[in-house]
Amino acid sequence: MIPGSFEYHSPTSLEEAVALLGQHGDEAKILSGGQSLIPAMRFRLAQPGILIDINGLPNLEYIREKGKHLLIGGLTRESAIEGSPLVQERYPLLADTARVIADPLVRNMATVGGNLVHADPANDHPAAMLAYGAEIMVHGTNGARAIAIDEFFIGLFETALAADEILTEIRIPTPSTGSGGAYLKIERKVGDYAISAVAVQLQMDGDTVSSARIGLTNVSPTPMRAVEAEQSIIGSVGSADALEAAGKAAAAACDPSADLRGSVEYKRDLTRVVTKRAIAKAIDRAKGGQT
Amino acid sequence: MSHHSITLNVNGEEVTGEVESRMLLVHFIRENLDLTGTHIGCDTTSCGACTVLLNGRAIKSCTLFAVQANDKSIETIESVANGGLHPLQEGFWEKHGLQCGFCTPGMIMSAKQLLADNPNPTEEEIRWGISGNLCRCTGYTKIVEAIEYAADKISNPTSEEVSS
Amino acid sequence: MKVEGDYLFDVGKEEVWNGLLDPEVLAATMPGCERLELVGENQYEGDLNIKIGPVQGLFKGKIGLEDIQPPNGYKMTVDGRGAPGFVKATATVALVSEGDQTRMSYTGDAQVGGRIASVGQRLLDSSAKAIIKQSLEGLNATLTARAAAASAVDGSGDPGIEAAPIPAPQAPSQAEFAANVAKEVAKDLIPKPVMIIGVIIIILMILYFVL
Amino acid sequence: MTQLEDRFEHHSPTPEGSSAQVETTDKVRITTPENICGMGHRMKRKEDPRFIQGKGNYVDDVKLPGMLYMDIVRSPYAHAKIISIDDSEALAMEGVVAVIKGQDLEAAGNLHWMPTLMSDTQMVLPIDKVIYYAQEVCVVIATDRYIAADAIEKIHVEYEPLPAVVDPREALKDEVIVREDKEKPTNHIWHWEAGDKEATDKVFAEASHVVKVQIYLPRLHVSSIETCGMVANYNKVTEHMQMYMTSQAPHAHRTVFSMVSGLPEHKVQIISPDIGGGFGGKVPIYPGYVCCAVASLVTGKPVKWIEDRSENLQADSFARDYHIEAEMAADDNGKITGLRVNTISDCGAADAAANPSKFPAGLYSICTGSYDMKAAHVVVDGVYTTKPPGGVAYRCSFRVTEAVHMIERLTDIMAAEVGEDPADFRLKNFIRPDQFPYKSPTGWEYDSGNYEAALKKAMEMIDYRALREEQAAKRERGELMGIGISSFTEVVGAGPSKDYDILGIKMFDSAEIRIHPTGKAIARFGTKSQGQGHETTYAQIIAEELGLPAADIQIEEGDTDTAPYGLGTYASRSTPTAGAAGAMAARKIKAKARKIAAHLLEVGEEDLEWNVDKWQVKGSPDQAKTIQEIAFAAYTNHPQGMEAGLEATDYYDPPNLTFPFGSYICVVDIDTGTGEVHVRRFVAVDDCGNIINPMIVEGQIEGGLTMGLAPALFEEIVYDENGQNLTGTFADYLLPTAVESPKWELGKTITPSPHHPLGAKGVGESPTVGAPPAIANAVVDALSHLGVKHIDIPITPDKVWKLLRDNGVTD
């Protein structure tokens with residue numbers, strides 16, 4: 001399988017990259033990690049006329065805390081997130097997520113920015129970032145702007161990014177003491193997309209869940225939050241009944257499609273089960289659990 | 001269609017090439033450089049037979065354009081033995097970590113990075129570490145043992161050599 | 001693959017039906033529709049250049065209509081082919097008034113084949129759903145705008161192009177056809193008996209693959 | 001009765017040196033010191049240095065001057081008329097050399113059709129219609145593989161779609177005819193029976209217990225990590241056709257190529273270089289090979305064709321696709337009395353299986369398995385559907401996997417029916433050691449076995465009784481674990497020439513050994529390793545027989561110009577046939593060496609006895625000549641009147657098949673929330689007779705176990721109702737990784753084959769055959785208290801979830 005021809009650009013500055021995007025519009029496609037794009041090109045299902053390789057842009061690969069945020073450069077590789085002690089210690093939901101994306105070789109190339117911008121509902125970062133309430137920083141010909149993650153995913157493979165914009169940074173609010181997060185993914189085998197996966201980030205006030213955000217993977221055409229599930233767990237102590245109610249709310253809210261991974265009914269029920277388990281794990285971590 | 005001159009370091013030597021923008025790195029390595037130890041086993045970035053190190057990180061060279069490797073360094077299986085077999089190569093031989101040999105170069109390259117990151121991996125860490133590489137012959141158990149052998153050999157270079 | 005669902009339009013049944021009879025409105029509503037022609041009695045051909053995310057594919061479609069029951073519905077067969085694959089489908093579309101609004105219900109049965117089916121199996125169903133939703137929303141926006149333009153004409157007697165109030169599209173990908181909608185609304189077209197809603201529902205099911 | 005009835009009545013006499021010893025042991029026999037490394041040594045593989053250093057030589061590594069590349073236009077429809085093929089745009093492209101269509105092949109001498117290995121026919125390229133998805137429609141030859149890939153996009157084919165028929169039971173209604181080229185307008189290909197219907201019906205009429213199960217064994221794909229490919233190199237001046245080819249059977253392929261193409265066989269050379277896994281998928285001849293060869297003939301230049309993975313998955317031969325309805329009868333003592341089986345074999349668009357000619361359903365009638373019963377009757381019907389042709393093995397011997405899965409599932413169902421523990425039930429019903437050689441109700445003669453010993457060993461290794469207690473305790477707590485057993489009997493090593501042939505070519509195999517003057521040797525075989533380690537095991541066999549160090553013996557296979565004729569490597573036949581040929585050729589050399597030694601030592605031949613690596617004078621071991629000394633003398637000081645040199649060839653025709661066996665026990669845990677099945681433990685006790693290299697045998701077993709796990713839990717080729725393959729890439733056809741594959745626990749018993757010269761049996765496929773039912777039985781066992789009696793493989797989480805929820809189990 002051999003891709004069709006294209007014109008290749010490798011800008012060395014963000015301004016240059018954005019200008020190229022502005023100039024070529026729809027015909028151009030950004031090449032980041034390329035781990036979804038290049039296979040699609042090999043099957044000639046994607047045939048962009050122009051590829052703008054942003055891997056040469058400076059200062060887009062970093063993971064650092066600043067103020068009350070974790071800042072992740074758009075070109076940061078999944079393996080860097082996976083291997084970051086900072087992420088492992090303070091952002092367990094993100095650490096969980098990075099570990100289960102594709103496989104280790106893919107994670108060495110794949111970028112967190114690409115994972116989000118691709119907006120495949122089966123990708124893992126969208127749910128995690130929805131749960132974190134992250135902010136997406138983008139840069140276009142008209143300058144930089146921030147997009148709230150809740151406004152970012154607008155359709156199947158569609159984001160709020162304008163045609164001339166590049167994702168430059170993800171800002172994750174640093175969780176406070178007493179918070180916990182978890183990402184739980186059920187997949188048929190390593191490297192597969194989730195049958196269903198659930199991202200949970202919550203805050204405990206004593207024994208009570210005071211706030212929570214829940215994102216779902218691959219059970220709807222657009223990456224989604226399970227708002228009803230969030231509401232049902234907030235104010236509870238995470239009892240079995242409360243977990244069940246949250247699980248049921250997530251199952252009711254999701255909109256999966258049948259495929260080789262299973263029926264709609266299975267995916268809904270799996271979402272219920274996984275939501276329960278992910279919340280329980282997040283609560284456990286909020287209480288200081290290490291698992 | 002666009003053509004590009006690229007210069008990269010392959011197995012310690014600088015090489016240059018004229019490539020079409022769409023040429024996959026694996027084809028550049030195999031066809032232009034005649035380094036045929038790197039293989040092609042799929043078209044969906046699933047099997048890992050094409051694994052090489054790009055600036056020290058194990059990647060699938062069929063999911064990267066050759067032009068992207070400009071100014072970078074590539075290591076292929078042909079560079080692993082350096083004045084004698086690498087402990088990983090010894091391990092694969094010693095522990096019967098290969099049968100048809102087609103996935104083996106990719107496995108070894110993945111394992112090389114795995115051990116660089118984590119010199120004393122557990123069995124589970126090894127299994128996860130090579131989970132981007134498919135093997136159809138061995139059932140993986142002996143590959144895991146081969147990597148354990150190498151880890152041990154690298155950590156304890158003075159330990160008694162196993163005859164080869 | 002079976003696809004069914006319904007959609008509530010914000011205009012009356014006659015207006016929806018007339019919209020469905022208007023090829024240019026429909027061509028403009030369908031993302032990527034580059035050509036739509038009558039080639040025989042109740043037989044049409046069209047080109048769709050479909051693009052979602054990084055994936056793009058050009059499809060040629062043949063459409064045949066049967067059981068035309070104005071203003072209530074019809075049955076349609078579609079045969080779309082392109083490099084990434086093909087779709088062959090039948091669909092039934094029915095309109096029912098609900099007060100000032102109109103509910104469209106549709107059922108379709110599609111065969112999707114070729115590269116898109118063998119490679120992008122996981123996305124066929126959700127692609128079809130997403131595209132149908134997107135297209136019907138686009139059509140609704142068009143029809144609503146058209147109704148508003150008509151009332152503006154009635155009010156001022158001066159159908160200036162700029163006067164037509166165009167509702168903002170709900171998604172950026174619709175920006176392109178929203179612009180087309182503006183042009184269409186400004187013209188006073190004679191409706192042609194071309195019904196293309198089935199194309200929206202079916203040809204666009206084809207779509208997508210990404211690994 | 002059937003043609004199988006008297007299959008074994010005319011065995012050739014047991015060869016010299018056969019082991020009469022069939023007692024079971026667990027000690028590997030070693031008779032040579034480590035420097036010689038004969039049988040039983042864990043010798044490191046001789047082939048490995050090149051593979052671990054990236055110096056293997058696979059087909060895609062072959063690069064010849066002026067080489068062209070071929071790519072293939074494939075059908076997007078499962079069934080469609082071809083209205084037109086417009087190649088003008090492609091031909092106008094720079095770098096495109098030719099487009100070859102069905103009409104071109106027809107004009108070249110009716111090459112648009114080719115025979116399958118089952119004496120059916122298969123399209124090479126179509127003229128009128130396509131009959132499966134991804135079928136080859138035409139090919140492009142270009143100067144570069146990128147240009148060829150561009151050019152196939154520029155060929156415009158107009159189709160008129162026809163209805164597909166995907167389910168063979170629907171196909172039998174003959175409403176849609178797949179093969180309109182056939183004389184009779186029907187999709188029914190053949191009907192085949194084995195066993196005694198009348199006797200079986202009588203046993204069922206008298207039975208106290210009858211159980212029945214419907215099993216679907218889905219389509220699988222072997223998916224060796226290397227796909228198929230060829231470099232064809234026709235020299236117009238010498239008229240010599242050289243083909244580098246991913247072939248498991250190069251000699252047979254050469255003959256078929258020669259007969260079909262009309263090229264004289266001495267001008268056809270097939271070189272099967274290093275092969276990146278075969279498992280049965282590289283036994284058939286695919287249309288791509290033929291087109292590639294024709295392209296080289298037409299252009300006079302080397303032409304390379306390498307399949308993409310998606311092409312490999314979508315168009316190459318599949319395995320399985322058996323729809324089975326099976327019944328078992330037992331008496332009131334819980335003793336199995338009979339088996340009755342009806343099967344539909346979905347052959348796809350051509351019967352392109354690779355079975356011996358007389359066996360359209362392969363060795364499926366081995367399905368009475370490890371159990372002694374009075375009667376059995378097996379019926380199989382072959383059917384065309386609009387799916388890719390095939391019916392090859394998936395690392396197994398001619399449909400034995402299907403047979404074993406059926407009998408092992410049925411045995412568990414019957415054990416439950418009579419209320420007995422499945423282990424105890426098996427122990428009660430096994431063929432006893434004293435019954436061997438055992439004649440089965442469907443006509444097989446099992447050479448040797450000790451099924452009880454293998455199962456007891458597996459039970460001991462895994463502590464079976466304790467697991468049952470654990471299971472009971474867990475069930476009380478609502479936790480689900482299951483224990484599954486499979487006690488399989490394999491049938492490998494085809495085969496005796498009386499009954500076994502491929503397209504008329506008998507299934508012997510061959511070896512040729514030449515000892516050089518300095519005591520080093522080269523040996524060539526008619527088989528072809530695809531990872532099995534022949535370069536090592538064959539050397540060890542010769543070392544065992546001649547006392548030459550295995551390290552001094554070069555093994556070659558795969559070049560038809562140099563290797564002796566053989567039928568190739570598949571169906572675990574290499575050790576039983578070519579391995580035996582190697583031993584027999586070595587014995588011929590040993591006999592000549594005796595004469596030379598007698599000459600050198602000036603004694604009579606009868607005064608000499610063999611001792612590891614030398615002929616020595618009886619009672620006077622100091623007087624001896626080593627094999628090396630004898631080899632030197634064979635070229636420098638051979639007796640007058642004797643031919644110089646020291647070499648021999650043997651074509652070995654096995655007197656019977658060999659019957660390896662084993663008992664596997666699997667423990668699974670089931671997540672009641674997600675339906676996921678976790679294989680916690682898997683103990684595999686294999687008995688493959690005498691062992692040549694224990695390390696390689698272990699490797700074969702572990703690899704086979706993972707390939708048994710794969711169809712049990714993951715793999716299936718899925719078609720939609722229109723014949724579209726929905727699993728056309730590795731993203732949807734799920735090969736297990738190191739994470740899914742458990743740590744296998746191996747044990748062994750050794751019960752030699754009484755008729756094989758080395759007492760060996762073959763092992764490469766036993767685990768693929770034995771593992772799936774062990775896993776399926778474990779999952780059913782975990783759910784048995786819910787009333788679950790059967791689950792079809794692959795046992796995916798959604799299937800388990802449905803069974804759980806349907807039976808009120810939730811999380």
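With contact taken to mean heavy atoms within 4.5 Å, the interface of chain B and chain D in this predicted model draws on 50 residues from chain B and 59 residues from chain D. The size of an interface is often expressed as the accessible area lost when the parts come together. For chain B and chain D this buried area amounts to about 4500 Å², with 55% of it on carbon and sulfur atoms.

Between chain B and chain D, 10 salt bridges are counted. One of the salt bridges joins Arg22(B) to Asp150(D), whose closest N and O atoms lie 2.6 Å apart. Polar contact links 32 residue pairs across the interface of chain B and chain D, both residues of each pair being at pLDDT 80 or more. On the side of chain B that touches chain D, two or more residues come from each of the helices α1 (25-32), α2 (87-94), α3 (104-117), α4 (123-129) and α5 (141-155) of chain B. The largest share among these elements is that of α2(B), which contributes four residues. By residue class, this side of chain B comprises 21 nonpolar, 18 polar and 11 charged residues.

Chain D also meets chain A, through 29 residues from chain D and 24 residues from chain A. The two chains bury about 2200 Å² between them, and carbon and sulfur atoms account for 57% of that area. Within chain D, the greatest losses of area to chain A fall on Leu734(D), Trp801(D) and Asp811(D), which together make up 22% of what that side buries. Six salt bridges are found across the interface of chain D and chain A; among them is the pairing of Asp732(D) with Arg188(A), at 3.8 Å from N to O. Polar contact is counted for 12 residue pairs between chain D and chain A, both residues at pLDDT 80 or more. Helices α4 (145-152) and α19 (797-806) of chain D each provide at least two residues of the side that touches chain A. That side of chain D divides into 11 nonpolar, seven polar and 11 charged residues.

Within chain A, helix α11 (residues 240-253) consists of 14 residues and spans 20 Å from its first C-alpha to its last, close to the 20 Å expected at 1.5 Å a residue. The buried residues of α11(A) are Ala242(A), Leu243(A), Glu244(A), Ala246(A), Gly247(A), Ala249(A), Ala250(A) and Ala251(A). Their cover includes strand β13 (208-217) together with helices α10 (227-233) and α12 (264-286) of chain A.

Note on methods:
Residues are numbered from 1 along each chain as its sequence is written. Chains are lettered from A and ligands numbered from 1 in the order in which they are written. This is a predicted model: local features need pLDDT of at least 70, side-chain atom pairs count only at pLDDT 80 or more; totals for chains, interfaces and linings use all residues. Side-chain values use heavy atoms; hydrogens and water are left out. Buried area is the accessible area (1.4 Å probe) that two parts lose on being put together, summed over both. A salt bridge is a side-chain nitrogen of Lys or Arg within 4 Å of a carboxyl oxygen of Asp or Glu. A polar contact is a pair of N or O atoms within 3.5 Å; within protein, one must be able to donate a hydrogen and the other to accept it, and residues adjacent in sequence count only if both atoms are side-chain atoms. Ala, Val, Leu, Ile, Met, Phe, Trp, Tyr, Cys and Pro count as nonpolar, Asp, Glu, Lys and Arg as charged, and the others, Gly among them, as polar. The expected span of a helix is 1.5 Å times one less than its number of residues. Buried means under 20% relative accessible area, exposed over 50%, partly exposed in between (1.4 Å probe, protein chains only).
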